[in-house]
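Hi everyone, thanks for coming. I'd like to walk you through one structure this morning, so please have a look at it while I talk.

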Amino acid sequence: MKTKREIHAVIFHIGACALGFIMIYPMLWLVASSFKSNDTMFQDAYSLIPKVWDAGTNYRSGLEGVGNVSFATFFVTTVLVTVVGTVGCVFISLLAAYAFTRIKFWGSNFLFGCVMMTMMIPPQVMVVPQYIILKKLGLIDTRVALIIPWFFGGAFFIFLMVQFFRGIPKELDEAAMIDGCGKAGILFRVLVPVVKPALVTASIFAFYWIWQDFFQPLIFMSTTKKFTISLALNMYLDPNSYNNYGGLFAMSVISLLPVIIFFIFFQKYLVNGIAMDGIKG
Amino acid sequence: MAKPSKKQHYKLKDNIAGYLFLSPWIFGFLLMWLVPAIISIYYSFTDFNLLNTPSMIGFSNYIRIFTQDDTFIQSLKVTFSYVFLLVPLRLAFALFVAMLLNQNHKGLGLYRTLYYVPSIIGGSIAVSIVWKQFFGNKGVVMSLLGLFGVQQKMSFLGNPKTALIVIVIMGVWQFGSSMLIFLSALKQIPNSLYESAMVDGGKPWQVFTRITLPMLTPTIFFNLILQIINGFRVFTESYVITDGGPLDSTLSYVLYLYRRAFTYFDMGYSCALAWVLVAIIAVFTVILFKTQNNWVHYEN
């Protein structure tokens with residue numbers, strides 16, 4: 001009986017490891033390829049062990065950037081946009097979720113319906129009129145245009161926090177009110193410490209989505225100097241302007257590094273957040 | 001949120017506070033959703049190329065879409081094939097792996113994490129770049145096939161019959177977040193149900209179809225709707241990996257919309273395309289909601 005279970009466990013682990021390898025093979029391959037020299041890149045392309053190591057050239061040439069703009073510039077822009085966008089997105093979603101769950105006001109059901117509706121309509125549908133509005137406001141091709149679509153919160157984040165708020169007993173608010181707390185006081189002094197896990201989860205998702213956003217930057221931006229990493233990588237890909245696969249792969253690795261690092265540190269929050277929210281597709 | 005009781009008395013103070021807290025979101029909603037939506041409906045009835053003043057042309061854009069636009073039909077075919085290949089495959093795979101991980105073994109957390117990583121990075125350009133090199137000429141798949149002595153004339157991305165499959169595979173590879181959702185739903189199925197099935201001598205397959213699957217239907221339903229909505233907006237993959245080609249075989253709906261707007265500057269027409277997409281998504285959502293009584297089991 002015991003051996004049968006052990007055999008079962010061994011088979012399970014072999015299968016699970018094999019699947020795990022397949023799942024991360026593309027990433028391992030990307031890292032390995034960023035170490036391969038350009039002329040051996042496509043000899044036995046599947047290999048994870050470089051024949052000729054040339055990481056230095058790849059990373060150096062990648063960092064030089066594209067279109068006379070260094071990769072560092074793209075990196076700084078992306079960090080700036082992501083940080084401001086994330087802070088705005090999470091903070092404003094927090095305010096909205098608090099209003100929806102803790103304050104009884106006229107029209108709240110209707111407005112919550114609007115929130116949910118924005119989740120059903122693909123943002124791509126709105127991109128032409130958004131482009132025109134931002135153009136009228138003189139914001140096209142500015143970093144502000146990259147931040148605005150995220151800054152004012154989003155349905156996913158509001159929904160996540162509404163779910164979280166609903167699980168917190170209202171007695172907590174009432175006790176704080178008796179102690180003389182106003183509405184803002186209740187939110188920031190009493191509730192925020194309790195919903196911190198939800199805030200962390202929301203922040204990481206916002207960070208991921210803004211960091212990797214491609215569609216909106218593609219449409220809103222035209223000056224290479226103000227590009228985000230996503231747009232820059234897309235330019236590296238253009239064979240007319242760039243023919244350096246080593247550099248392309250090296251910069252792809254760098255673009256994924258923050259995402260992976262955050263994942264390693266915060267995966268507990270992500271896994272719990274998904275289980276709770278059940279949304280992210 | 002306030003319960004929709006018939007006669008709710010709102011305190012003035014609460015009204016002010018509510019709208020104060022909501023005001024930043026409302027501002028964003030007006031700026032990025034409501035006003036664009038209204039403008040977009042208006043433009044969809046005009047001829048507008050960004051430089052001219054929009055001139056009203058009635059339903060011409062919509063008529064053109066449905067009667068004269070072969071590329072629209074092609075992009076619709078591509079997008080439907082994509083959605084209806086990807087969504088069932090991804091959900092089935094996610095459920096399968098979730099069932100495997102819903103056991104008592106050591107190291108489950110590690111596997112869960114590994115399988116989830118592609119979902120996190122899947123939307124990035126870097127991954128699309130990897131996919132392009134993987135399945136393209138001189139790519140990994142070609143070199144692996146060569147290793148086994150299979151000589152292919154065309155790469156999978158160069159072949160109009162298989163290019164879309166490559167993009168679907170990329171989507172299935174990102175099954176991790178659905179898997180996590182299934183995993184947490186599986187953990188909520190009460191053990192007593194399984195125990196009574198054991199007592200009745202249920203076979204594993206019967207237990208799966210009679211207990212596990214019915215208990216999961218709310219989760220499947222929820223996932224299905226979100227995945228379909230998500231599937232219809234596929235863009236980055238077809239833009240970066242194949243640029244819609246070869247022979248428009250991976251031209252997704254949103255990529256076509258994008259080209260109409262920002263390659264041909266046919267703004268009115270692309271707004272009409274956008275609303276047709278909204279209508280298609282709405283139809284699917286409504287159909288799914290209508291069918292849910294037939295197959296979704298809610299407790300109580």
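Let's begin with a simple one: in what order do the elements of chain A run from the N terminus on? It is α-α-α-α-α-α-α-α-α-α-α-α-α. In other words, chain A has 13 helices and zero strands. Please keep in mind throughout that this is a predicted model.

Now for the overall dimensions. Taken along the principal axes, the C-alpha atoms of chain A fill a box of roughly 75 × 70 × 30 Å. Chain A has 281 residues, and 46% of them count as buried. If you take the contacts in chain A with a separation of 6 or more, 74% are between residues 24 or more positions apart.

Next, the domains. Chain A is divided into domain 1, residues 2–53, and domain 2, residues 67–277. How far apart are the centres of domain 1 and domain 2 of chain A? Taken over C-alpha atoms, 33 Å separate them. Where the two touch, domain 1 of chain A gives eight residues and domain 2 of chain A gives seven residues. On the domain 1 side of that contact you'll find three nonpolar, four polar and one charged residue.

Let's turn to the partner chain. The contact between chains A and B takes 70 residues from chain A and 71 residues from chain B. Which helix gives the most to the side of chain A that touches chain B? That is helix α13, residues 245–277, with 10 residues. By class, this side of chain A has 50 nonpolar, 16 polar and four charged residues.

As a bit of background, nonpolar side chains tend to be buried together in soluble globular proteins. Here, the largest nonpolar core has 158 residues, and A96(A) and M161(A) are those with the most contacts inside it. Helix α3 of chain A, residues 71–102, supplies the largest share of this core, 13 residues. Both domains take part: the core draws at least three residues from each of domain 1 and domain 2 of chain A.

Which residues is A96(A) in contact with, leaving aside its neighbours within four places in sequence? In chain A, they are G153(A) and I158(A). From chain B come F21(B), L22(B) and W25(B).

That's my tour, and I'm happy to go back to any part of it.

Notes. Residues are numbered from 1 along each chain as its sequence is written. Chains are lettered from A and ligands numbered from 1 in the order in which they are written. This is a predicted model: local features need pLDDT of at least 70, side-chain atom pairs count only at pLDDT 80 or more; totals for chains, interfaces and linings use all residues. A nonpolar core is a set of buried Ala, Val, Leu, Ile, Met, Phe, Trp, Tyr and Cys residues joined through C-beta atoms within 7 Å. A residue is buried if 20 or more other C-beta atoms lie within 10 Å of its own, exposed if 12 or fewer, and partly exposed in between; C-beta atoms are placed from the backbone. Helices (H or I, at least four residues) and strands (E, at least two) are DSSP runs, numbered from the N terminus. Domain bounds come from an automatic or database domain assignment. Ala, Val, Leu, Ile, Met, Phe, Trp, Tyr, Cys and Pro count as nonpolar, Asp, Glu, Lys and Arg as charged, and the others, Gly among them, as polar.
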